Amino acid sequence: MNANVRKDGTIITCEWFNALLRDASGNVSGVLSMVHDVTEKTELEKQLRVSQKMESVGTLAGGIAHDFNNSLTGIIGFGELLRMRMAGDEQALHDLDEILRCAERAATLTRQLLTFARRQFMEPVNLNVSTLVADLMKLIGKVVGEHIEVKTSLENNIPTIHVDRGQIEQVVMNLCLNSRDAMPEGGRLTVETEDVVLEEEYVRHNAYMRTGRYALLTVSDTGVGMDEKTRERVFDPFFTTKRPDKGTGLGLAMVYGIVKQHGGFIHLYSEPGKGTAFKVYFPAIEAQPDAVPEKRREEILRGGMETILLAEDEEAIRALVERTLKELGYTVLVASNGEEAIELFRQNKEIALAVLDVVMPRKGGMEAFKEMHKANPNLKVIFMSGYAINAIHDSFVLIAGMPFLQKPFGPTILARKIREVLDTQ
Ligand code: ADP
Ligand code: MG
């Protein structure tokens, strides 16, 4: 297999089949050569290899992050409880805060890895990506600095997309920050949105894409650009060309995971010295964008007197949630798996809310809830999990819109969620 130049100057990859031609007496009289243009085939193979690599790295990263999350939930949770009891002891509080800060950093890292592994819980809404970008640009203008000119070109008639707002903001933000880093001497950052339709012909060369209508987001810059070696690895988690204190190498890994989790595609165009463009395709839907909710105000911890059933197999988390709930005034019944939870539920009629881990031995939270819900349709529920399982493809769709707590969470978030669920009809 080798590269060959066609008359029109394009380079193609060819596979050669050669055979010697012999005359009647057996002497070589020539060579018969057959050439097969395999450009498209090799390109598709390359695309497949890349996606398989991303898939296996994602599985590994996601698995580690999941277990880490459980430990961190314990560390942060008990840390916060301890904090409440140590008021007055300045020295101890100071040390404890250091521990909590470290744990928060680790929690951020696991969240990023889970995002890459497409195991981040999504709360999708219908939105207009042009509006989202317009809202974000004020902030982006501030963080990129004055030496960079920021331009936008936003399509007013952009098709609606069904996405998690926070995650899409993260995509825009990460791409813009990378562009900033690529232009230390200044330059131009451009953010565009377009309404595009992908036809058969286009998709034939990009086997992983599908025909149809998309909202296209393009972030481009006039920065340093990338050579092929860098282009091949940019989406790998922890791949960075920046100094350790500047880059974690998780930005584009997260962007990749988010785009994939939304059924979208991302393309990269870049040459050294010629700048960079990232094109992100989000599948369009036929719907109006939802109204943008007002920012939720921070509130104080509020408890209650209700009875709560808690099921969690991880001992540290179970103990933590139980303690937190008791301190808030609730009566708590504890189970370490789904079957135990159902048993407790049968014996206690006054249970108002079930807080259930999604993945447990001997019946998971979902299955347990279904049985309890049959016996008492008024029972309320909150699911908790260290990861959200692929929210699009998995049966998790069943509980989209149901109250959910992503681990690790602290007592404040737990307390607020519980009141929120108990107080809604
Ligand atoms: P980080 O920004 O922490 O290094 P990312 O995953 O966001 O991690 O990016 C990985 C690498 O990809 C960067 O270190 C850089 O080498 C390259 N890169 C990303 N975006 C750009 C860009 N707009 N221009 C040039 N290089 C880029
Ligand atoms: Mg980055």
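Trainee: What span does helix 11 reach from its first C-alpha to its last?
Mentor: This is a predicted model. Helix 11 covers residues 411-423, 13 residues in total. At 1.5 Å a residue, 18 Å is expected. The helix comes close to that, reaching 18 Å.

Trainee: Which elements cover the buried residues of helix 11?
Mentor: The buried residues of helix 11 include Leu414, Ile418, Val421 and Leu422. Arg416, Lys417 and Arg419 are buried there too. The cover includes helix 1, helix 8, strand 11, strand 13, strand 14 and strand 15.

Trainee: Helix 8 also holds glutamate 322 and lysine 326. What is the N to O distance in the salt bridge of glutamate 322 and lysine 326?
Mentor: The two residues lie 4 apart in helix 8, about one turn. Lysine 326 is partly exposed, at 45% relative accessible area. Its side chain meets that of glutamate 322 in a salt bridge, N to O, at 2.7 Å.

Trainee: How far apart are the closest N and O atoms of lysine 41 and glutamate 45?
Mentor: Lysine 41 and glutamate 45 are 4 residues apart in helix 1, so about one helical turn separates them. Lysine 41 is partly exposed at 46%, and glutamate 45 is partly exposed at 36%. They form a salt bridge, with the closest N and O atoms apart by 3.9 Å.

Trainee: Which residue in strand 3 is the bridge partner of phenylalanine 17?
Mentor: Strand 2 and strand 3 run antiparallel, joined by 9 bridges. They form a hairpin with 5 residues between them. In strand 3, the partner of phenylalanine 17 is methionine 34.

Key:
Residues numbered from 1 in each chain as written. Chains lettered and ligands numbered in written order. Predicted model: local features only at pLDDT ≥ 70, side-chain atom pairs only at ≥ 80, totals over all residues. Heavy atoms only, no water. Pairing = 2+ DSSP bridges. Expected span 1.5 Å × (residues − 1). Buried < 20%, exposed > 50% of the residue type's maximum accessible area, 1.4 Å probe, protein only. Contact = heavy atoms within 4.5 Å. Salt bridge = Lys/Arg side-chain N within 4 Å of Asp/Glu carboxyl O.
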